[in-house]
Amino acid sequence: MKRVFTLLEKALLGSPVQFIWQKTLGNFLAVTGADHTVKIFDRHGQKRNEINLPSNCVAMDWDKDGDTLAIIADKSSTIYLWDANTNKTSQVDSGMR
């Protein structure tokens, strides 16, 4: 396995880390730890965006084409959507707790 880059984010130290590569293209890596943020890096290790959550990230996944990253935070009815094409974040209220 080839090392692509190393993350040196201090916020990720000492906590369980979740990560997911962008589907299809593999241009982005989304990473979250215990600091209530999801950080999105490009394939060269440059941080492209940081999404603040009200609590810990419970789950995140890309749509089938890899265009949109969906993020769910613990005890929140909001689904956070990050668009890889525009680098913008939107929110949808799921109505569920």
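Guide: What follows starts with the model itself, then turns to the rings and the strands around them.

This is a predicted model, where local features need pLDDT of at least 70, side-chain atom pairs count only at pLDDT 80 or more, and totals for chains, interfaces and linings use all residues. Residues are numbered from 1 along each chain as its sequence is written, and side-chain values use heavy atoms, with hydrogens and water left out. The average pLDDT (the predictor's confidence in each residue, from 0 to 100) is 89 for the protein, and 89% of the residues score at least 70. Confidence is highest in β7, at a mean of 98, and lowest in β1, at 91. Strands here are DSSP runs of E with at least two residues, numbered from the N terminus.

Now the rings. There are two aromatic pairs. Rings of Phe, Tyr and Trp (its six-membered ring) pair if their centres lie within 6.5 Å; planes under 30 degrees apart count as stacked, over 60 as edge-to-face and the rest as tilted. F28 and W82 make an edge-to-face pair, with 5.2 Å from centre to centre and 80° between the planes. This pair joins distant parts of the chain: F28 sits in strand β2, W82 in strand β7, and 54 residues separate them. Together, ring pairs link F28, W62 and W82 into a cluster.

How covered are these rings? Buried means under 20% relative accessible area, exposed means over 50%, and partly exposed lies in between (1.4 Å probe, protein chains only). W82 is buried because its relative accessible area is 0%. W62 counts as buried too, at 4%. F28 has 15%, so F28 is buried as well.

Two strands pair if DSSP finds at least two bridges between them. β5 and β6 pair in the antiparallel sense over five bridges. There, W62 has L69 in β6 as its bridge partner. The two strands form a hairpin with five residues between them, and G66 takes a positive phi near 80°. L69 is on the covered face of β6, together with I71 and A73, while T68, A70 and I72 make up the uncovered one.

β6 also runs antiparallel to β7, and five bridges join the two. I72 has I79 in β7 as its bridge partner. The hairpin of β6 and β7 has four residues between the strands, with K75 at a positive phi near 55°. S76 is placed in the loop between β6 (68-73) and β7. S76 is buried, because its relative accessible area is 14%. A polar atom of the S76 side chain lies 3.2 Å from the backbone nitrogen of T78.

I79 itself is in strand β7 (residues 78-83). Its relative accessible area is 25%, so I79 is partly exposed. Contact means heavy atoms within 4.5 Å. Beyond its neighbours within four places in sequence, I79 is in contact with A70, I71, S90, Q91, V92 and S94. V92 is 13 residues from I79 along the chain, and their C-alpha atoms are separated by 5.2 Å.

That leaves the surroundings of F28. Four strands form an open antiparallel sheet in the order β1-β2-β3-β4. β1 (18-21) and β4 (47-52) are the edge strands, each pairing on one side only. Four bridges pair β1 with β2 in the antiparallel sense, and W21 stands opposite L29 in β2. Their hairpin has six residues between the strands, and T24 in the turn has a positive phi of about 70°.

On to β3. Strand β2 (residues 28-32) is joined to β3 (residues 37-42) by five bridges, and the two run antiparallel. V31 stands opposite K39 in β3. K39 is buried, because its relative accessible area is 3%. The side chains of K39 and D35 are joined by a polar contact of 2.7 Å. A polar contact is a pair of N or O atoms within 3.5 Å; within protein, one must be able to donate a hydrogen and the other to accept it, and residues adjacent in sequence count only if both atoms are side-chain atoms.
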